[in-house]
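Student: I am new to this structure. Could you show it to me and let me ask about the terms?

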Amino acid sequence: MAKKKSTKVVVDSDHRNKFVKLLDKAAQNYSKWEVFTDFLKLTAISISNSDSYFISTDKETFDARETEYKRVINKYNKPERMIFPQLLAELTMELEDTCSVQGKYVDVLGELFHSMDFQDEWKSQFFTPQLVSDMSGKILVGIDKAEQAIKEKGFVTVNEPCCGGGSMIFGCLNALREYGLNPCTQALVIAADLDARCVHMTYIQLSLYGIPAVVFQQNTLTREKFDKPWYTPIFTIYGWKYKMQKVA
């Protein structure tokens, strides 16, 4: 049995507190870090494989991800398996609260990551605080540039080559919202990261926020890719693959 690390968790909402408690409950036979990693992978695959008509994702990728899903979930007994959809429910409701109540996009998974002191396990990575990302987003995204891009091709492209949990992406999307634009219909996100966990975090949150996006696992410096692209459901449903081809 893996030795469990004691962590002091400080979170500021009911949904986040429930998420952490559920993670503790699932981590009886595994470390909390391992369960969190498995949650990210299982959730990302579940969202990706909702494309069962292979509109964006090819059948080979679909089958490979389905096989990986079964491999991971089979580690857990039945009561433990039932916790994963509950984790997703709490995350979804937290994202809904931040988007609808606070009126902004937030890197909730990145903030949970830090609240549970996972930095040591995750190569000492530190994600940008959302307030800093929001400020950077306002600097990077000007209303004139955004309106010009929409006039020319119908949408604004947000490209993040080292996405982490997606904080900088959300900062740019928050700036667009402040300008009165709708990121769900007028923005396209292209994101990448070397770490598969970062890819999953960004992909999950962009999917649940309803943002059209493609997320890659790749070395941005060498351009080497380690997995097939991850397409958010809204990207597939509203034909963004064809919109991209028109302006290529």
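Student: What makes the pair Glu68 and Lys41 a salt bridge?

Tutor: The model is predicted, so local features need pLDDT of at least 70, side-chain atom pairs count only at pLDDT 80 or more, and totals for chains, interfaces and linings use all residues. Residues are numbered from 1 along each chain as its sequence is written, and side-chain values use heavy atoms, with hydrogens and water left out. Now the rule: a salt bridge needs a side-chain nitrogen of Lys or Arg within 4 Å of a carboxyl oxygen of Asp or Glu. The closest N and O atoms of Glu68 and Lys41 are 2.8 Å apart. The pair therefore meets the rule.

Student: Why is this pair said to tie parts together?

Tutor: Look at where the two residues sit. Glu68 is in helix 3 (residues 59-73) and Lys41 is in helix 2 (residues 32-48), so the bridge joins parts 27 residues apart in sequence. Helices here are DSSP runs of H or I with at least four residues, strands are runs of E with at least two, and both are numbered from the N terminus.

Student: Why are Glu68 and Lys41 called partly exposed?

Tutor: Buried means under 20% relative accessible area, exposed means over 50%, and partly exposed is in between, with a 1.4 Å probe and protein chains only. Glu68 has 22%. Lys41 has 24%. Both values fall in between, so both residues are partly exposed.

Student: What other residue forms a salt bridge with Glu68?

Tutor: Arg71 does, with its closest N and O atoms 2.7 Å from those of Glu68. Arg71 and Glu68 both lie in helix 3, three residues apart, about one turn of the helix. Arg71 is partly exposed at 49%.

Student: How do you know that Asp195 and Arg197 form a salt bridge?

Tutor: Their N to O distance is 3.8 Å. The limit is 4 Å, so the pair counts. Asp195 is buried at 7%, while Arg197 is partly exposed at 25%.

Student: How many salt bridges does the whole structure have?

Tutor: A search finds 13. Arg16, Glu94 and Glu111 are linked in a network of salt bridges. Side chains of opposite charge can pair when their charged atoms come close.

Student: How many side chains of each charge are there?

Tutor: The chain has 31 positive and 31 negative side chains. Lys and Arg count as positive and Asp and Glu as negative, while His and the chain ends are not counted. The centres of the two sets lie 3 Å apart. Each charge is placed at NZ of Lys, CZ of Arg, CG of Asp or CD of Glu.

Student: Why is Asp144 called exposed?

Tutor: Asp144 is at 60%, and exposed means over 50%, so Asp144 qualifies. Asp144 is in helix 8 (residues 143-153).

Student: How do you know that the size of the chain agrees with a compact globule?

Tutor: The globule rule is 2.2 Å times the number of residues to the power 0.38, with the radius of gyration taken over C-alpha atoms. With 248 residues, the rule gives a radius near 18 Å; the chain has 18 Å, so the two agree. The C-alpha trace spans about 55 × 40 × 35 Å along its principal axes.

Student: What secondary structure does the chain have?

Tutor: The chain has 13 helices and five strands. Of its 248 residues, 51% count as buried.
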